[in-house]
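Here's a protein model to explore together. Take a look at the structure first, and then we'll walk through it piece by piece.

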Amino acid sequence: MQTPLFIWYPVCSTCKRARQWLEGQGVPFEVRDIKTQNPTAEEMAGWLAKGGLPIKRLFNTSGQLYRSMGLKDKLPGMTEEEMLSLLASDGMLVKRPILVTKNRVLTGFREAEWAKALGIG
């Protein structure tokens with residue numbers, strides 16, 4: 001089994017909860033700090049293809065940067081390529097935590113969804 005990639009922001013309480021849950025389940029995972037190693041546009045394009053997610057699920061819509069940039073109103077007029085480029089420009093725009101498994105990409109932490117993706121329970 002491919003080791004899942006866990007992308008987090010260490011000061012985020014939801015990310016901390018997700019990491020504790022993964023550790024508690026005994027799931028081996030690779031860790032990446034979204035602030036220091038932001039996902040590239042190419043990586044995220046691959047995740048969209050793999051996960052079947054709409055691109056808007058990758059945006060941290062509750063984040064300060066998202067709001068200060070007025071993205072709620074700007075995104076509808078942007079192409080997917082422009083959105084991916086914007087997401088790759090700053091990790092604070094990306095919804096987290098992210099769990100990338102062999103077959104799925106999950107954004108945000110919902111325990112039942114993560115358990116199902118990892119074949120737990």
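Two strands count as paired if DSSP finds at least two bridges between them. Helices (H or I, at least four residues) and strands (E, at least two) are DSSP runs, numbered from the N terminus. Before we start, note that this is a predicted model, where local features need pLDDT of at least 70 and side-chain atom pairs count only at pLDDT 80 or more, while totals for chains, interfaces and linings use all residues. Residues are numbered from 1 along each chain as its sequence is written, and side-chain values use heavy atoms, with hydrogens and water left out.

Let's begin with the sheet. Strand 3 and strand 4 run antiparallel, and three bridges join them. One thing to look for there is I98, whose bridge partner in strand 4 is T107. Zoom out and you'll find four strands in an open sheet, ordered 2-1-3-4, with mixed pairing. At the edges sit strand 2 (30-33) and strand 4, each pairing on one side only. On average, neighbouring strands of this sheet are turned by 15 degrees against each other, direction ignored.

Now for helix 2, which spans residues 41-51. M44, W47 and L48 are buried there, buried being under 20% relative accessible area and exposed over 50%, with partly exposed in between (1.4 Å probe, protein chains only). Why do these three end up on the same side of helix 2? Because they cover an arc of only 100 degrees around the axis, the arc being that of the directions from the helix axis to the C-beta atoms. The buried residues of helix 2 pack against strand 1 (5-8), helix 5 (80-89), strand 3 (98-100) and strand 4 (105-107), where contact means heavy atoms within 4.5 Å. Just after helix 2 comes G52, with a positive phi of about 65 degrees.

That brings us to the cores. A nonpolar core is a set of buried Ala, Val, Leu, Ile, Met, Phe, Trp, Tyr and Cys residues joined through side-chain atoms within 4.5 Å. The largest one has 23 residues, and M44, W47, F59, L71, L87 and I98 touch the most other members. Strand 1, helix 2, helix 5 and strand 3 each supply at least two residues of this core, with helix 5 giving the largest share, four residues. There's also a second, separate core of 15 residues, including W8, W21, W114 and L118.

Conventions: Axes are lines fitted to C-alpha atoms, for helices over the stretch in contact, and angles run from 0 to 180 degrees between N-to-C directions.
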